[in-house]
Amino acid sequence: TVLMVLMIIFIVVSAGVIMITDFDIFYIVPCAIATFMIPGLLSFYIDRYPYMRARRMRALTVGRMPEAIHYLSLSMRLTPSLDRAVKYAASSLPEPLSSDLRKVLWDVYMREYSSVEESFIAFAYDWSDWDEDFKRSLYMVRSAALERNTEGINRVLDKANQIIIDGTKGKLEEFSNSLKIPTMILFAVGIMLPLLLAILLPILGIGNEWTWLTVIVINLVLPVGILAYAYSILGNRPELTTPPDIGKVISPAKRGFIIFICFLACGALVTLGVI
């Protein structure tokens, strides 16, 4: 729907602009690029947003998995009761694992499963396609509830913690090893390409009629594309710590004043013919 509606709007607007400007090539090229790129990019983003959101939630959850196993183990060492361990971990963990663990108990209350053990095993099985180490650790926690003595419980829980720590460490190493090509692309597109454009455009003798198109490409299109690409790269990083809340460094009034000064400076440069 977004693709069709935006295509119709851009075609109508672009046709009107082109006819008003007497088919000037300076207006035909930007209108054609906008008509074929913007609707496609927006529809692609809407289509892929659930997948990107799920991937970010997964990365956030992966970083909390050692903490979840730690809370489960801590409760099991004190009182070898699986339902108490799940309740304690759910109350101690942040989202989204907190809601997932609450659902383990809620499914029992709603009679979807007959016991906490059965619901807990189903919860661990749901993670088999996402994280095999987390599933194995949850199985080990479940096995600890079947042990008869304290020594056996501690041994199984230590094994569960070791499995999830080694698995998370492996994911961090895999992520760090996968950054070589993305960082090269970011450096090439974010630093080298703008420098090359700034050097080559005057040499090629691009006239003043293309100035605004050049400014839009260098100052708007490239930064937005680089930001989106960097955001997608960081979406794969396991979030092991919660970012601190530093509050608002700049007040809205100061932010508005800075933006006003920037626009005023740009207007002055355009008026003086610098740009």
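1. Start with helix 2: with six residues, helix 2 gives the most to the lining of the second largest pocket. Bear in mind throughout that this is a predicted model.

2. Staying with that second largest pocket, its space comes to about 390 Å³. There are 16 lining residues, and Arg55, Arg58, Glu174, Asn236 and Pro238 lie nearest the centre. Helix 7 (150-177) joins helix 2 here, each supplying at least two residues of the lining. Sorted by class, the lining has nine nonpolar, three polar and four charged residues.

3. Now the largest pocket, where the volume is about 1,400 Å³. It is lined by 32 residues, and Met37, Leu41, Val221, Val224 and Gly225 are the closest to the centre. Two elements give two or more residues to this lining, namely helix 2 (25-78) and helix 9 (211-234). Helix 2 again gives the most, this time with 19 residues.

4. On to helix packing. Helix 3 (residues 82-92) and helix 5 (residues 116-126) have axes 9 Å apart and pack at an angle of about 50 degrees. Because of that angle, helix 3 counts as oblique to helix 5. The crossing of this pair is left-handed.

5. If you want to look at the helix 3 and helix 5 contact itself, go to Leu82, Asp83 and Val86 in helix 3, which meet Val116, Glu117 and Phe120 in helix 5. That contact has four nonpolar and two charged residues, with no polar ones.

6. Helix 3 also packs with helix 4 (residues 97-109): the two axes come within 8 Å and cross at roughly 150 degrees. Angles over 145 degrees count as roughly antiparallel, so helix 3 is roughly antiparallel to helix 4. This crossing is left-handed.

7. For the residues in that contact, helix 3 brings Asp83, Val86, Lys87, Ala89, Ala90 and Ser91, while helix 4 brings Ser98, Leu101, Arg102, Val104 and Leu105. By class, they divide into six nonpolar, two polar and three charged.

Key. Residues numbered from 1 in each chain as written. Predicted model: local features only at pLDDT ≥ 70, side-chain atom pairs only at ≥ 80, totals over all residues. Heavy atoms only, no water. 1 Å grid on protein atoms, 1.4 Å probe; cavity = no way out; pocket = protein on both sides within 12 Å on 5 of 7 lines; lining within 4 Å. Points joined across faces, edges and corners; volume = space filled by probe spheres on them. Helix = DSSP H or I, 4+ residues; strand = E, 2+ residues; numbered from the N terminus. Nonpolar A, V, L, I, M, F, W, Y, C, P; charged D, E, K, R; others polar. Axes fitted to C-alpha atoms, helices over the stretch in contact; angles between N-to-C directions. Parallel < 35°, antiparallel > 145°, perpendicular 65-115°, else oblique. Left-handed = near helix turned anticlockwise from the far one by under 90°. Contact = heavy atoms within 4.5 Å.
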